[in-house]
Amino acid sequence: MRTVEKTLIRFVNDQAGPDCLNLGLGEPSFPTPAPILAHVREHLTDWRLGYTTNEGYRELRELIAARESAEAGVRVVPERVIVTMGSEEALCVFLQAAVEPGDEVLIPDPGFPVYESITGLTPGTAVRYPLRPENRFRLKAADILDRLTGRTRAVILNSPNNPTGAIYEDDELAALAAGLKGTGVYAVTDDCYRALVYGPQPPSILGRYENAVLVGSLSKSHSMTGWRIGWIVVPPGIASTVGARHHLTVICAASVSQRAAIFALSGGSDAVCAANLDELRRRRDWALAGLRKFAGLEAERPEGAFYIFTRVSEECRRAGGSLSLCLRLIEEEKVIVTPGAAFGPAGEGWLRISFANLPETIEEGLKRLGRFLDRLRK
Ligand SMILES: Cc1ncc(COP(=O)(O)O)c(C=O)c1O
């Protein structure tokens with residue numbers, strides 16, 4: 001059997017007890033918005049919650065298509081949309097459908113570790129492209145275009161980015177689209193944090209490139225991680241192949257979650273989501289200030305998502321690497337943060353600190369992190 005391992009993010013979390021303060025969280029501390037819960041409670045007994053069509057309820061696909069059309073500035077038809085069990089299933093079925101033996105998939109470094117793991121489930125190979133601290137971790141199209149070979153099948157983009165919070169710029173996406181034109185390479189944009197931005201809406205490659213694939217989700221934007229609702233928008237012509245993979249993997253996304261998603265995407269919880277975003281913005285600014293005050297660390301101000309990526313090269317060297325540092329932090333101070341090494345070789349010497357948790361948890365966690373780093377620096 002081919003072995004597949006959990007990501008280092010999960011590994012670190014598995015080492016921590018329930019008494020640990022969690023600054024590693026990949027989900028907002030907010031509950032699912034009350035209007036969504038009320039809507040489901042009210043209708044639960046009326047709905048016939050059987051299988052839906054494999055691609056999802058038509059009404060939901062229409063809502064997603066309308067939303068993506070508005071954001072990308074091009075018309076996306078519902079036939080290009082498949083409702084999935086979160087964005088992770090979307091990435092998984094897409095890459096499994098698209099990648100053939102010998103193919104290469106370009107993934108960001110640092111980047112969400114699942115991209116490499118999922119590529120490992122295909123007959124292809126992951127090839128990293130850099131997101132550089134000197135560019136504030138923003139994409140430079142040349143870093144991708146320079147790595148294209150005749151075997152490149154797909155390139156994965158992620159904006160707002162996990163773990164850096166960076167957003168990719170319009171001109172670089174335009175340059176990427178121009179450079180990819182005619183290659184047939186799929187540009188797969190993982191937009192699961194797109195609704196969590198603290199400034200203007202980030203640009204999209206969807207309307208710019210004929211082979212763009214978009215992956216979205218309600219997990220982060222609507223605090224619905226456990227409902228497992230996401231979607232994929234594929235180029236015309238391959239929906240049935242990707243849909244078949246999805247069908248053979250899960251049949252369809254859970255029908256009750258699809259019902260909740262119809263309500264959410266019709267705007268039923270927009271006011272709550274906007275208030276949550278304001279709260280995340282406060283936590284971000286507060287966490288950056290706390291990081292400086294309690295731990296003497298600087299970081300780029302994240303433009304989206306809920307992660308701060310901070311450099312601790314010397315401390316990691318002393319601890320024997322970012323993973324050892326994080327394991328010692330759990331043992332000595334009962335605080336979880338994510339080692340930069342989880343995000344690829346470029347992440348070594350860095351830590352990802354999530355500000356998705358409650359403010360009092362963030363404050364106490366940063367104090368303990370500061371205390372721990374002080375000991376390490378002596
Ligand atoms: C960049 C990125 N993509 C995808 C996912 C998966 O999200 P979901 O499957 O819940 O939509 C995550 C979760 O942490 C993520 O950070």
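The paragraphs below go from the domains of this predicted model to its helix packing, its ligand shell and some backbone details. Residues are numbered from 1 along each chain as its sequence is written. Because the model is predicted, local features need pLDDT of at least 70 and side-chain atom pairs count only at pLDDT 80 or more, whereas totals for chains, interfaces and linings use all residues.

The protein chain is divided into domain 1, made of 8-31 + 271-377, and domain 2, which covers 46-268; these bounds come from an automatic or database domain assignment. The C-alpha centres of domain 1 and domain 2 lie 26 Å apart, and their contact takes 29 residues from domain 1 and 27 residues from domain 2, where two residues are in contact if their C-beta atoms, placed from the backbone, lie within 7 Å. On the side of domain 1 that touches domain 2, the elements giving two or more residues are helix 1 (8-14), helix 10 and strand 9 (307-311); helices (H or I, at least four residues) and strands (E, at least two) are DSSP runs, numbered from the N terminus. Helix 10 gives the most to that side, with 6 residues. By class, the side of domain 1 that touches domain 2 has 18 nonpolar, 5 polar and 6 charged residues, with Ala, Val, Leu, Ile, Met, Phe, Trp, Tyr, Cys and Pro counted as nonpolar, Asp, Glu, Lys and Arg as charged, and the others, Gly among them, as polar.

Helix 10 (residues 270-295) also packs with helix 13 (residues 359-377), their axes coming within 9 Å and crossing at roughly 25°. Axes are lines fitted to C-alpha atoms, for helices over the stretch in contact, and angles run from 0 to 180 degrees between N-to-C directions. The crossing angle makes helix 10 roughly parallel to helix 13, since angles under 35 degrees count as roughly parallel, over 145 as roughly antiparallel, 65 to 115 as roughly perpendicular and the rest as oblique. In helix 10, the residues R283, W286, A287, G290, L291, F294 and A295 meet P359, I362, E363, L366, K367, L369, G370 and L373 in helix 13. By class, this contact has 10 nonpolar, 2 polar and 3 charged residues.

Helix 2 contributes P35, I36, H39 and V40 to the contact, and helix 9 contributes V256, R259, A260, F263, A264 and G268. The contact of helix 2 with helix 9 has, by class, 7 nonpolar, 2 polar and 1 charged residues.

Turning to the ligand, 13 residues surround it, and the closest are G86, S87, E88, S217 and S219; a residue is counted if its C-beta atom, placed from the backbone, lies within 6 Å of the molecule. Helix 4 (residues 86-98) supplies the largest share of this shell, 3 residues. By class, the shell around the ligand has 2 nonpolar, 9 polar and 2 charged residues.

Some backbone details remain. The peptide bond from S159 to P160 is cis, with omega near -5°, and P160 is found in the loop between strand 5 (152-158) and helix 7 (170-180). The peptide bond from N162 to P163 is cis, with omega near 20°, and P163 likewise is found in the loop between strand 5 and helix 7. S223, although not a glycine, has a positive phi of about 50°, and its place is in the loop between strand 7 (212-217) and strand 8 (230-233).
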